[in-house]
Amino acid sequence: MDEILEMLSAGQYVKLRQIIADYNVADIAAYMEEMEQDDLLKLFRILPKNMAADVFSYLEIETEQYIITSLSERDAAGIIDNLMADDATDLLEEMPSNVVKKLLAHASPETRRDINHLLQYPEDSAGSIMTVEYVDLKENLTVEEAIARIRKVGVDSETINICYVLDQRRTLVGTVALRYLLLSPPDAVIGDIMHEKIISLHTMMDQEEVARQFKKYDFTSMPVVDNEERLVGIITVDDVVDILEEETTEDIEKMAAIVPSDKPYMKTTVIESWRKRIPWLLLLMISATFTGKIIASFEDALSRYVVLTAFIPMLMDTGGNAGGQASAIIIRGLSLDEIQFGDWMKVVWKEIRTAFLCGLTLAACNIVKMLLVDRVGIQVALVVSLTLFLAVIVAKIVGSMLPMIAKKIGMDPAVMASPFITTIVDAISLLIYFRIAMVALGI
């Protein structure tokens, strides 16, 4: 790829266009992301017209916006016209309204219609991520007529591997794979060879459920229908890959107590990072004051047994880690639809048994460590180890239940992840610790 930059600097544009025509569009886009903006724009202008839109669709949204706003309105509208409708919609949703109006004013009527159609659906719904470029067939067509139609409209379609059979009301009545068309007699009727057991998605289905449906049925594309079972678009597996990346990133950020962002790390400014992180940090800081108040309320007891103070960090960290383990597993189960709220009793019972074994193991090891390494008395060792045992059990219960409660009340379970659970478990662990110490040590 270094030769591209050298030829660009030397002004060998004609030769560069001939060479770059043999490159894969995804590789060109990846290289452009590493270029300076001026060189990037030069290279994009050099691209053959039949490649420009394909390369454009692989670029990051910020790069797409830069190119679109740098081109003339007519050239920019030409790019929009050549993008798949779902890609064009994603781009325009991120751009200022005044720019969108200018672009749509110069776009073709078909493009405006398709984009406006997709914009009517809620964000993150199947309708908002589907594409309207697909091959539809009538059930009374012959195979020969169907292949002729595919040749006519297939170039502008997202995929031609699966064709969708519609009746007069555009109701989806069947599907037929391209390979069956090629292997069937030319005079065979589509209605006789089509597959009638249809699995479809609804326009208002959440994109996470869309991804689960693709995983369940292992399809490369699925039709999207409205309330009247009319075909309005399709979703392809490349869209599902984007959904999975987006949802996973969002969950990771929420589990780390960060407000989700749709920008890559290297393109996020320091101020933006601060704004995304500080709300949860402030909330957790305020909630952590309860831990400080608990310690302060037992200050007299601690002054008589100062050695108890040394084990507070270990108890809090172990409880937080135990709760974090449980929450991570439950959040994953909820995301994959493996766990429902109705399973809460089974979940709690399983976590209690797991916590019992984990807590017992930790407590036993801790007693040995405290007696041999820390050289404390047997009473103190028993107090700390018993607290450890109970803290692990409480942490596992809290860590498993909070994500399920969040899902039940309509919140994202990922919000109830390690930072939030750790704060709660820390407070409970300290209360258990000091109560046991007061009873066992007589303080």
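At 25% relative accessibility, D124 lands in the partly exposed class; here, buried means under 20% relative accessible area, exposed means over 50%, and partly exposed is what falls in between (1.4 Å probe, protein chains only). This is a predicted model, so local features need pLDDT of at least 70 and side-chain atom pairs count only at pLDDT 80 or more, while totals for chains, interfaces and linings use all residues. Residues are numbered from 1 along each chain as its sequence is written, and side-chain values use heavy atoms, with hydrogens and water left out.

Back to D124: its phi is near 70°, a positive value in a residue other than glycine. You'll find D124 in the loop between α10 and α11. (Helices are DSSP runs of H or I with at least four residues, strands are runs of E with at least two, and both are numbered from the N terminus.) R375 shows up with a positive phi too, near 60°, and R375 isn't a glycine either. R375 sits in the loop between α20 (344-374) and α21 (378-408), and at 69% relative accessibility R375 is exposed. As background, most residues other than glycine have a negative phi.

## A negative patch

Look on the surface for a gathering of negative charge: E60, D90, E93, E94, E123, D238, D242, E245 and E246 make up the patch. Patches are built from residues with over 30% relative accessible area and no salt bridge, joining like charges within 9 Å and nonpolar side chains (Val, Leu, Ile, Met, Phe, Trp, Tyr) within 5 Å. Asp and Glu count as negative and Lys and Arg as positive, with His and the chain ends not counted. Each charge is placed at NZ of Lys, CZ of Arg, CG of Asp or CD of Glu.

Which helix gives the largest share of the negative patch? That's α16, with four residues. Both α8 (85-93) and α16 (237-255) supply at least two residues each. E123, on the other hand, comes from the loop between α10 (109-119) and α11 (126-129), and at 68% relative accessibility E123 is exposed.

## A nonpolar patch

There's a nonpolar surface patch as well, made by F341, W344, M345, I405, I409 and M411 and covering about 570 Å². Accessible areas come from the Shrake-Rupley method with a 1.4 Å probe, and for residues, only the protein chains shown count as cover. F341 is in the loop between α19 (312-335) and α20. With a relative accessible area of 31%, F341 is partly exposed.

## Salt bridges

How many salt bridges turn up in a search of the whole structure? The search finds nine, each being a side-chain nitrogen of Lys or Arg within 4 Å of a carboxyl oxygen of Asp or Glu. In general terms, side chains of opposite charge can pair when their charged atoms come close. One of the bridges joins D114 and R113, at 3.3 Å from N to O.

Shared partners tie R169, D226, E228 and R230 into one salt-bridge network. R230 is partly exposed at 33% relative accessible area, and E228 is partly exposed at 43%. D226, in contrast, is buried, at 13% relative accessibility.

If you're wondering about disulfides (pairs of cysteine sulfur atoms within 2.5 Å), the structure holds zero. C358 is in no disulfide, and the nearest cysteine sulfur, that of C365, is 11 Å away. C358 itself is partly exposed, with a relative accessible area of 30%.

## A buried loop serine

S184 lies in the loop between α13 (178-183) and α14 (190-193). Is S184 buried or exposed? At 19% relative accessibility, S184 counts as buried. S184 and G342 are 158 residues apart in sequence, and their C-alpha atoms are 49 Å apart in space.
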